[in-house]
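Here are my notes for you to read beside the sequence and the coordinates. Please take the points in order and check each of them in the viewer.

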Amino acid sequence: MFWDREIEALPRPELEALQLARLLRTVRRVGEHVPFYQTRFREMGLDPASVRTLADVRRLPFTTNADLRASYPDGLVVKGPEQVVRLHTSSGTTGKPKALFFSRKDVDEAAELIARCLVMAGASQHDVLQNMMTYGLFTGALVMHYGAEKVGMLVIPAGPGNSERQLMLMQDFGSTVIHTTPSYALYFADFLERKGIDPRKDLRLRTGLIGSEPYTEETRQKIEDALGITVFNSYGLSEMNGPGVAFECSERNGMHIWEDDYLVEVIDPETGEPLPDGETGEMVLTSLSREAMPILRYRTRDITSIHREPCACGRTHARIERITGRSDDMLIIRGANVYPQQVERVLMRFPEVGRNYLIRLEGLDEMIVQVELSGATFDGQLEHLVRLQEQIVEKLRAEIMVRPKIELVAPGSLPVSEGKAKRVVDNRKL
Ligand code: DLL
């Protein structure tokens, strides 16, 4: 099923022609109306009129997280006739957030992209969406909300947390689709198990739109098994409208990135040089349709690869691989490079492992992984637990080249946040 077949299945030459027209328009507009880019172009000796092909995108300057923070509150906004109608922010871990502005057309286009994603996941106006993301400055809930209304779904703006109320809403209004993070989906599955609710029998859930945090294929499997739903990976970032940038189709072999609105590159994060399709590196995105606040070559820091071969679903837009982490997520532990996702992949392959984990780094480079067990395993025999602990250490050592200490803990005992999961606590005194 397509929301807008014409654009979703546009033959690639036409898609690229559309991209080029939009790129040229974007470059011209920021060159005329955004002092930040005017300065950059001048410093680089770049005449915006000399940008003529899609490959010329490589001659444009990168925009970084630091640039966005430095231009807070509104340094990147186009000083043009378009009315700005909405503000979102992306919270950083430190200091000021990044402020993102939307024109009326931006709000509408973001909703269009969500509508494409929802229909791609098999949703229709007969569905009830329980939107369990945070409403407010975060893009996650509101952008999804507008898109789901466009499709004609009944949207329940539940927001995150308060599992009792989530369950009540699900039961009373027959929610069929949930939108949440992988960490909350797993937490909620635990909650249902503790309440003795069998989602397959007692609820009408069918589909999970799960994103906003990295997660592994193993975690997807856990969520699907625990909630009896099909999980679609959903990728986005506030700088590019929030959710709806890339999303899985029914083939679930990568996420289609909406190339009519986003020009995607993958680069070597060290050198900034472009990498060929299929190679893994940092994704860089240029917004092609944003009116209020276009961004050129945004360094997402998300690690993935891009594939442009045709997809069996009929869509022509490229696919990106599941994000394996962020270039700034990488931990250096005793000289080894470790991504939290590697740890998650190993842990979630153990059926005895429950639904949450936390990596703690202490003292002089000591790695401790706290692992929640499933209910049945936690109540099991001590020898079994000791053996399990050893097996986890061995599998992790083989994957990350570091021998961690494993602490097996009770289900539901590790902290969960309403927003994004915090997987690493670094208390090292190095
Ligand atoms: O998380 C937007 C969003 C909301 C996406 C709801 C999907 C669903 P930010 O708070 O700006 O925006 O965070 C963006 O989150 O650069 C990635 O590092 C990470 N991220 C988002 N989706 C995924 C995903 C929203 N499916 C940052 N897999 C991005 C891995 C993801 N990482």
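1. In which helix is the place of Gln391? Gln391 belongs to helix 13, which comprises residues 382-400. Please keep in mind, here and in every later point, that this is a predicted model. Gln391 has a relative accessibility of 39%, and because buried means under 20% and exposed means over 50%, Gln391 counts as partly exposed.

2. A second residue to look at is Pro35, whose place is in helix 3, residues 35-44. Its relative accessible area is 43%, so Pro35 is partly exposed. From Pro35 to Arg297 the distance in sequence is 262 residues, while the distance in space, taken from C-alpha to C-alpha, is 17 Å.

3. Next, please turn to the chain as a whole, which has 13 helices and 21 strands. The C-alpha trace spans about 70 × 55 × 40 Å along its principal axes. For 430 residues, a compact globule would have a radius of gyration near 22 Å, and the chain agrees with this because its own value is 22 Å.

4. Among the contacts in the chain with a separation of 6 or more, 66% are accounted for by residues 24 or more positions apart.

5. Is Ser175 buried or exposed? With a relative accessible area of 0%, Ser175 is buried, and its place is in the loop that lies between helix 7 (163-173) and strand 5 (177-180). The side chain of Ser175 makes a polar contact, at 2.6 Å, with the side chain of Gln130. Leaving aside residues up to four places away in sequence, Ser175 touches Val128, Gln130, Ile156, Leu169, Met170, Arg204 and Leu205.

6. The ligand deserves a careful look of its own. It is surrounded by 22 residues, and the closest are Ser212, Ser234, Ser238, Asp302 and Lys420. Sorted by class, the shell around the ligand has seven nonpolar, eleven polar and four charged residues.

7. Which atoms of the protein lie 2.7 Å, 2.9 Å and 2.8 Å from atoms of the ligand? A polar backbone atom of Ser234 is 2.7 Å from a nitrogen atom of the ligand. An N or O atom in the side chain of Arg326 is 2.9 Å from an oxygen atom of the ligand, and a polar side-chain atom of Lys420 lies 2.8 Å from an oxygen atom of the ligand. Taken alone the ligand exposes 610 Å², and 93% of that is buried by the protein.

8. Finally, please trace where the shell comes from. Helix 6 (139-151), strand 7 (230-237) and strand 8 (242-248) are the elements that give two or more residues to the shell around the ligand. Strand 7 provides the largest share of this shell, namely five residues.

Conventions
Residues are numbered from 1 along each chain as its sequence is written. This is a predicted model: local features need pLDDT of at least 70, side-chain atom pairs count only at pLDDT 80 or more; totals for chains, interfaces and linings use all residues. Side-chain values use heavy atoms; hydrogens and water are left out. Helices (H or I, at least four residues) and strands (E, at least two) are DSSP runs, numbered from the N terminus. Buried means under 20% relative accessible area, exposed over 50%, partly exposed in between (1.4 Å probe, protein chains only). A polar contact is a pair of N or O atoms within 3.5 Å; within protein, one must be able to donate a hydrogen and the other to accept it, and residues adjacent in sequence count only if both atoms are side-chain atoms. Contact means heavy atoms within 4.5 Å. A residue is near a molecule or strand if one of its heavy atoms lies within 4 Å of it. Accessible areas come from the Shrake-Rupley method with a 1.4 Å probe; for residues, only the protein chains shown count as cover. Ala, Val, Leu, Ile, Met, Phe, Trp, Tyr, Cys and Pro count as nonpolar, Asp, Glu, Lys and Arg as charged, and the others, Gly among them, as polar. The radius of gyration is taken over C-alpha atoms; the globule rule is 2.2 Å times the number of residues to the power 0.38.
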